[in-house]
Every structure is written in C-alpha cells, then in structure tokens.
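Subject: Structure handover

Hello,

Here is the structure for your work, and my notes on it follow below. Please read them alongside the coordinates.

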Amino acid sequence: MTPRYDAIVVGGGAIGLSSAWRMARAGMEVAVVDPEPGRGASWVAAGMLGPVSEVHYGEEGLLALTMASARRWPSFAAELEADTGSDIGYRTTGTLVVDVDDGDRAWSEDLFRFQCSLGLEVERLSSRRVRELEPAVAPGVRSGLLVKGDHQVQTRRFVSALLAAAAKRGVTFHHQPATAVDVDGAPGTAGGATVRGVHCDGTQLGAPVVVLAAGCWSGSLAGLPDGVVPPVRPVKGQILRLSGDAERPLLGRSVRGLVQGASVYLVPRADGTLVVGATMEEQGFDTTVTAGAVYELLRDARRVVPGVTELALIEARAGLRPGSPDNAPLVGATTVDGLLLATGHYRNGILLSPLTADTVAALAAGHEPPAEMAPFRPTRFATAPS
Ligand SMILES: Cc1cc2nc3c(=O)[nH]c(=O)nc-3n(C[C@H](O)[C@H](O)[C@H](O)COP(=O)(O)OP(=O)(O)OC[C@H]3O[C@@H](n4cnc5c(N)ncnc54)[C@H](O)[C@@H]3O)c2cc1C
C-alpha cells in the first residue's frame, strides 16, 4: 500500500477531529475517515468539563488525567477559536452540586470529604447560599457544593469548529466507513507488526500512522491482531434539550443534583438552551429514546429546578459513550508499529480532547507524549495473541 498521508484517523468525533487538527497544525498530511464526522457521542454530549464534580471513588488515577486535560482547555479553546474565528461557548462559570433530601445530603457530605481529601477546590454551601447563587434552584434543596473550576463548552459548536479547523489546516475527509486496518506481520513474531493503512469500501488508504478513534465502534474493524482490539463497549446516554430565554436564563452555571440516589444535571447555554441529562444504560448499540427516560430526567430535573417544566422540550436524543473496563481511556501506541489508539473516553471524551490530541500528535511525530497519559496506554489490557 503506497502511503498517501502521514497519518490516517479512523473516526471523526471530538477525539479523532482534535487529534487530526493537532497533527495537521504540526505540519502533517492527515486524513480522517468517517461516514458522518462529528455526529457520534460527541454531538450528543452535554459538554461539562467537570473533573472535580465528576470524581468517583476508586477513580483517583483518572482524576489526575481529567485535571491535566482541564488545565489545557483554556489555551486549546483559544487556539481553536483563533483558527476558525468561531465562538465555541467555553464558559468558566463553575458548577453547583446540590442534594434534594437527607439521604442525598449524606452522599454530598461524603463527596465533599472525598474531594477535600484529594486537595480539590470545593466550597460547601448552605441551602440559603445555594439559592442566592441560583434562585431557580428548588427551595427544598438541603445544601450544595460550589466547584468554581468545573467549566463547560458548547459541544456542537466545539465539534463544528474542529471540523472547520481541520479542513482549514488541510485535513482530507473521506466520508465512508473504514472496514479494516491493514497490518503487515504479527506482533510478537520476528519482524513484528507494522500498520500500512486502512481499507474503506472500494478504497485503500496508505499511511505509516493510523489512529483508531472510532469511539464505541473502535473494536469493530477487521484486521486488528488479537490483543490489539480495544475492549470498548457502548454505554447509552439519553439527554434532553429545552429552550429558554437567553435574556432571562433559568441558571447561570451548571447544576448537578442527586435526587433520591439518581444523578441529574442541568447545563445552561448562553443562548438560553438548557441541557438535561443523562441516563447510563448498558443496552448495546441501541439509540432509541424511551418515554421512561424522558419522564425520569424531567421528573428529577424538576425536583432540582422546578422552572424546567415551563421550558419547551426541543430535543430528546441518545448517544453511545465509549466505555472501557476501568472507565478510563486507551490512548497511545500498540504492539503494532504505527498503530495508535485513542478511544474508551467514556463519560469524559469532551473534557479529555485536548490532552488526548496532544498525546496523539506527539506520538505521531515521534516526540515524547505528555506524562499524564502514561498510565492509560492501551497495552494495559493487552492479552497474549492466541
Ligand atoms: C448523553 C451523553 C452526555 C455526555 N456528556 C459529556 C460531558 O458532559 N462531558 C464529557 O467530557 N463527555 C461527555 N460525554 C462523553 C463523550 O460524549 C464521549 O466520551 C466522546 O464524545 C467520545 O468521543 P469519540 O470521538 O471517541 O467518539 P464519537 O464522538 O462517538 O465519535 C466516533 C466516530 O467514529 C465514527 N465511526 C464509527 N465506526 C467507524 C468506522 N468503521 N469507520 C470510520 N468511522 C467510524 C462515527 O461515525 C463517529 O463519528 C457524554 C456522552 C453522552 C452519550
């Protein structure tokens, strides 16, 4: 296969597009292969950049990664906006976490202690203070946590800007699915294995570097040797968009609530739109929007911010997060020379786009990648070839 490009990226979601843009910016000749770039989970995501309010027990290692990527967001957003001249809706208004009843309050106290033990910047708020900050929050809310450092981006503007920035930097788009990765040799044998390119319907594209960034579909391409197939799976998320008044927005910052053990979030956009999400479901590749999910999301959102019921429901959608066995991404080199993985970003793919893209661009150019990504090498899941 004759190399036509320096690198081919399979998958044009936030991860693949960020990586392609960064590589092209560094002067590489790059192609993105995707039948519908920009329309995967990244199009559906809420856009919270919330490493602190999203922290989970047992995921302290992931926290170091998400914090490192959050630190890259301001310059990443500025560079993307400078490349495209568009506003991607990066907002630094912070996140409020509230609890609705006594059981939920115990959870939020626990979360606060955990966040403090990790040295994270969080402020505990009384119910009164919560309502001073966000008057639309329900009077019954018990208490809250203010996380000033958790930000947000308008995901659709972000993805559209990435498409434009990549095109402007000379990235070629092939609007078709990749069917197989072309690998010469086998890992673990004399001579090893080397990637040669990608097969699409009726086309073969050659490159010495292939980045597999097809989200939850990353494990479905033919040609990947045993032990290299990424163990990713779809985790369904249903999410709603409501339209409000841009002049008199219901909320000034993102609000996350725990309502009788169920988590719900409300993310206000500058144009008055309010995003309400999201379910977490193991349903395979199903993207049906169910009446039950819409009902439960609105029921819980209403307990946190009663005024949501006054807004118009403009969209209900389901997306598929690329889940991995340890909820952390797989980013880096594989046992096939030239084949890089950038997948498995699960709940944090938007947040992790800057650090992932910089890692991919460094590896593709033969440079040292950011150290924070080292624990998330894909080879941590590698099994011996059968
Ligand atoms: C409801 C919901 C809310 C979320 N909220 C947030 C949030 O607030 N913050 C956050 O950081 N993350 C959030 N996420 C997670 C985030 O959306 C994902 O982690 C991220 O979008 C993954 O990006 P990706 O580029 O890997 O995958 P995707 O965006 O899914 O892109 C994969 C691409 O691969 C393409 N593809 C598939 N098969 C092939 C093939 N054979 N050949 C070529 N291309 C192919 C698809 O067409 C698609 O464009 C949310 C997810 C959901 C579902």
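In which loop does A278 have its place? A278 sits in the loop between β16 (274-277) and α7 (291-304); helices (H or I, at least four residues) and strands (E, at least two) are DSSP runs, numbered from the N terminus. The peptide bond from G277 to A278 is cis, and its omega is near -20 degrees.

Two points on conventions. The model is predicted, with local features needing pLDDT of at least 70 and side-chain atom pairs counting only at pLDDT 80 or more, while totals for chains, interfaces and linings use all residues. Residues are numbered from 1 along each chain as its sequence is written.

Helix α3

α3 covers residues 60-84, which makes 25 residues. From first C-alpha to last it reaches 35 Å, close to the expected 36 Å (the expected span is 1.5 Å times one less than the number of residues).

The buried residues of α3 are L62, L65, T66, S69, A70, F76, A77, L80 and T84. Buried stands for 20 or more other C-beta atoms within 10 Å of the residue's own, exposed for 12 or fewer, and partly exposed for values in between, with C-beta atoms placed from the backbone. These buried residues pack against β3 (48-49), α6 (155-168) and α8 (353-364). Just after the helix, G85 takes a positive phi of about 70 degrees.

I88 lies in the loop between α3 and β4 (95-99). I88 counts as buried because it has 22 C-beta neighbours inside 10 Å. Leaving aside residues up to four places away in sequence, I88 touches A77, L80, E81, V153, Q154, R157, F158 and A161; a contact is a pair of C-beta atoms, placed from the backbone, within 7 Å.

Other loop residues

Q260 is not a glycine but has a positive phi of about 45 degrees. Its loop runs between β14 (254-259) and β15 (262-268), and Q260 counts as exposed because it has 10 C-beta neighbours inside 10 Å. N327, also a residue other than glycine, has a positive phi near 65 degrees. N327 is in the loop between β17 and β18 (330-333) and, with 17 C-beta neighbours inside 10 Å, counts as partly exposed.

Domains

The assignment gives domain 1 (7-44 + 157-231 + 325-381) and domain 2 (95-148 + 234-323); such bounds come from an automatic or database domain assignment. Their C-alpha centres lie 32 Å apart. Ten residues of domain 1 are in contact with ten residues of domain 2. On the domain 1 side, the touching residues divide into four nonpolar, five polar and one charged (Ala, Val, Leu, Ile, Met, Phe, Trp, Tyr, Cys and Pro are nonpolar, Asp, Glu, Lys and Arg charged, and the others, Gly among them, polar).

Ligand shell

Of the 43 residues around the ligand, G13, G40, G215, G237 and G349 come nearest; a residue is near if its C-beta atom, placed from the backbone, lies within 6 Å. The shell holds 23 nonpolar, 15 polar and five charged residues. Domain 1 and domain 2 each contribute at least three residues, and α1 (14-25), α2 (41-44), β13 (233-243) and β17 (312-323) each supply at least two.

Regards

How values were computed. Two residues are in contact if their C-beta atoms, placed from the backbone, lie within 7 Å.
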